[in-house]
Amino acid sequence: AQPTTRGSRSDAGVNIDCHLLTISGERWLRLAPSVRELPFLAHVRRVLPARKDDTPEEVLEYGLVIGNRLPPPNSSCWAFLVSLENMEKQLPPASAPQTVTLVVLHAWRFFAEDVIHSFGEVVHALDHGVGLSLPDKGSGPAAAPLAMGYIPVPHHLRVGGQTWSWYRGPFTPYGTKRRIKKDPHKPILWGDGVLLYDPELGMMDVSCASAWALGRLMALNDTSFATTLYKSNRDKVRGTIDRARFRMLFGKLAGTSVAEASREQIDSDLAHALASAIPKLSGSRSAASENAKVATESALAHERLSATARTLKLGTALTNKESIAELHHLHEQVGLLRSRHADAPDPSAPETIIAQWLGDLLLLKGVPIHYLIPNERMLPDESIRFFQVDESWLESLRDGALSIGRVTATDLSHDAAFMPLVAATTERATAVARPQTRRLVAARNAPPMVKPLSGFLLRSQVIAQWPNLEVEGKASGSPVVTLRQQTVGTLLICLFDSVVDTVEIFQPSEAVHFGFLPKDSAVAKKRRNESGKEIEDNPLKTICLRNEQTRVLDIGKLVDWMAGAESQNYRADQFALQMVTGVDRVVFTIQDFTIQAPSTT
């Protein structure tokens with residue numbers, strides 16, 4: 001092909017700069033597909049993105065254009081995607097024009113290697129292991145913490161001294177049920193409250209304390225979230241005051257709306273007052289009027305509470321966790337959220353905004369990478385590491401984010417009372433944070449309350465060579481829900497809602513390529529049945545080339561052989577099914593904190 005030249009094309013009165021490619025007519029007829037072959041060289045692939053990186057799309061569609069020419073092995077080649085619009089009369093078997101000028105839509109250069117490592121071979125050869133730990137653990141008392149994923153970090157004490165402490169991110173090589181507080185819904189007052197001490201080594205564990213401080217800093221760094229959280233906390237306190245006053249006035253709890261409950265109570269008192277007034281106007285007294293009088297006097301007794309008594313009761317209501325939960329009907333709200341009958345949340349409500357932000361935080365979105373992988377040697381090049389998630393680390397991270405604006409005893413009591421509701425809404429937001437999983441979670445016919453429990457980190461050039469990898473995790477043979485799957489450069493992070501024992505990594509569905517089997521000095525093909533499996537008893541068919549020198553395939557003869565007697569109604573999707581060579585699938589099995597040798601199919 002000639003080098004491309006700049007040109008200009010006028011389309012509907014608009015001048016478009018483009019590249020032009022000019023080749024001789026004789027060469028054009030040797031390379032170009034015929035009019036009959038052209039429909040078989042393009043099709044659309046529809047891919048379900050459930051096993052791909054996070055995307056808002058429920059279905060991905062890709063348009064594929066297939067070349068009719070085999071590149072020469074071990075050669076540098078150019079590929080040109082050209083427009084054949086209004087060129088039907090110049091395609092074979094038309095007579096050869098002197099020259100043909102084509103509009104180049106895209107061009108790229110590649111090297112056709114004769115022997116390369118397949119996707120399965122590259123992924124199979126990854127350095128695999130469970131957990132993130134330093135490769136040189138040494139021996140002695142420090143070897144055990146290093147094997148558990150800890151690293152020593154400098155620790156500047158508040159009293160001015162300096163020491164060394166242990167730090168580990170949220171990814172552990174084993175399941176841990178560590179709890180940093182007896183009451184899971186009691187807020188952490190400060191980061192030092194979750195400093196843990198190892199008496200054997202005389203060192204502190206600053207993992208949860210660092211997570212708490214990180215959550216606080218991330219919340220403060222997001223002005224929108226911090227403002228929404230602060231206003232929401234103030235509204236909760238005002239709501240408690242209104243509900244406590246309602247109970248002191250009327251002797252019962254308000255419903256979902258204090259204002260509406262107040263109006264209903266006033267209407268009821270007015271009806272009782274009218275019932276007692278009507279008999280007085282008629283000069284007679286009835287049993288109904290006596291009952292109305294008793295009810296009115298009872299309401300007035302509540303009204304005559306002294307200011308001191310009201311202040312004491314109000315102060316108790318503002319600082320008592322059980323009283324706050326009762327006033328706001330929090331137990332009923334949590335129970336409703338944990339059922340599968342809960343209504344969809346209002347996306348503009350402050351509680352929903354807070355829950356979505358915290359849900360993303362539990363999925364470790366926006367967390368600096370050095371908090372997750374404290375040392376680069378823990379995840380070397382061309383490696384994959386499987387892990388379980390330390391829930392105490394995530395709990396500290398969330399609690400630190402919720403700590404902003406927590407100043408008084410009233411703030412602390414409200415945080416403690418609302419913590420079960422916040423945890424429930426956060427887990428619900430985590431379940432639907434990934435658009436691809438919303439339908440999967442809904443299909444479970446169970447409450448959408450999940451949190452990340454396991455996952456893996458993959459660092460390899462395979463991510464750049466085969467973008468949009470597909471991943472599926474399984475536990476006891478059943479697929480689990482992928483809560484997060486995100487690629488950043490050559491790093492892939494996956495988080496699952498269960499502890500997986502099998503992880504399967506697939507080549508991208510849209511990148512399933514066409515190809516042939518080698519046969520002597522030529523290439524061959526086997527026919528497939530309707531399910532896509534090769535027919536074993538069908539011998540290899542040597543594929544005809546239209547031109548040996550240019551390695552152009554005779555697509556027409558290939559289609560006739562594949563279609564058989566149904567060549568008249570043969571479609572492009574049927575041709576594509578016959579031409580695909582399949583994809584590699586690499587399976588990693590994790591048992592007893594070890595990984596068995598991966599298998600490739």
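This is a short chat about a predicted model of a protein chain.

Reader: What average pLDDT does the chain have?
Author: The average is 82, and 84% of the residues score at least 70.

Reader: Where does pLDDT stay under 50?
Author: Over residues 9-14. The model has eight contacts for that stretch beyond four places in sequence. Where pLDDT is low, the predicted coordinates should not be read in detail.

Reader: OK, new topic. Where is Asn68?
Author: Asn68 sits in the loop that runs between strand 4 (60-65) and strand 5 (75-83).

Reader: Is Asn68 buried or exposed?
Author: Asn68 has a relative accessible area of 10%. Buried means under 20%, so Asn68 is buried.

Reader: Which residues is Asn68 in contact with, leaving aside its neighbours within four places in sequence?
Author: Leu31, Ala32, Pro33, Leu41, Arg551, Val552, Leu553 and Ile555. With Leu31 there is also this distance: a polar atom of the Asn68 side chain lies 3.1 Å from the backbone oxygen of Leu31.

Reader: Ile555 is on that list. Which helix has Ile555 among its buried residues?
Author: Helix 17, where Gly556, Leu558, Val559, Trp561, Met562 and Ala563 are buried as well.

Reader: How many residues of helix 17 are buried?
Author: Seven of the nine, so helix 17 (residues 555-563) is largely enclosed by the rest of the structure.

Reader: What covers the buried residues of helix 17?
Author: The cover includes strand 21 (522-525), strand 22 (541-542), strand 24 (552-553) and helix 18 (572-579).

Reader: And what comes just after helix 17?
Author: Gly564, with a positive phi of about 65 degrees.

Reader: Let's go to the surface. Which residues form the nonpolar patch?
Author: Val65, Leu81, Leu105, Trp108 and Phe110. Together they have about 460 Å² of accessible area.

Reader: Which strand gives the most to the patch?
Author: Strand 6 (residues 99-112), with three residues. Val65, on the other hand, lies in strand 4.

Reader: Why does Val65 count as exposed?
Author: Because its relative accessibility is 61%, and exposed means over 50%.

Reader: Last one. Where does Asp183 lie?
Author: In the loop between strand 10 (171-172) and strand 11 (196-198). At 28% relative accessibility, Asp183 is partly exposed.

Reader: What separates the C-alpha atoms of Asp183 and Ala416?
Author: A distance of 9.7 Å, although Asp183 and Ala416 are 233 residues apart along the chain.

Notes: Residues are numbered from 1 along each chain as its sequence is written. This is a predicted model: local features need pLDDT of at least 70, side-chain atom pairs count only at pLDDT 80 or more; totals for chains, interfaces and linings use all residues. Side-chain values use heavy atoms; hydrogens and water are left out. Helices (H or I, at least four residues) and strands (E, at least two) are DSSP runs, numbered from the N terminus. Buried means under 20% relative accessible area, exposed over 50%, partly exposed in between (1.4 Å probe, protein chains only). A polar contact is a pair of N or O atoms within 3.5 Å; within protein, one must be able to donate a hydrogen and the other to accept it, and residues adjacent in sequence count only if both atoms are side-chain atoms. Contact means heavy atoms within 4.5 Å. pLDDT is the predictor's confidence in each residue, from 0 to 100. Patches are made of residues with over 30% relative accessible area and no salt bridge: like charges are joined within 9 Å, nonpolar side chains (Val, Leu, Ile, Met, Phe, Trp, Tyr) within 5 Å. Accessible areas come from the Shrake-Rupley method with a 1.4 Å probe; for residues, only the protein chains shown count as cover. A salt bridge is a side-chain nitrogen of Lys or Arg within 4 Å of a carboxyl oxygen of Asp or Glu.
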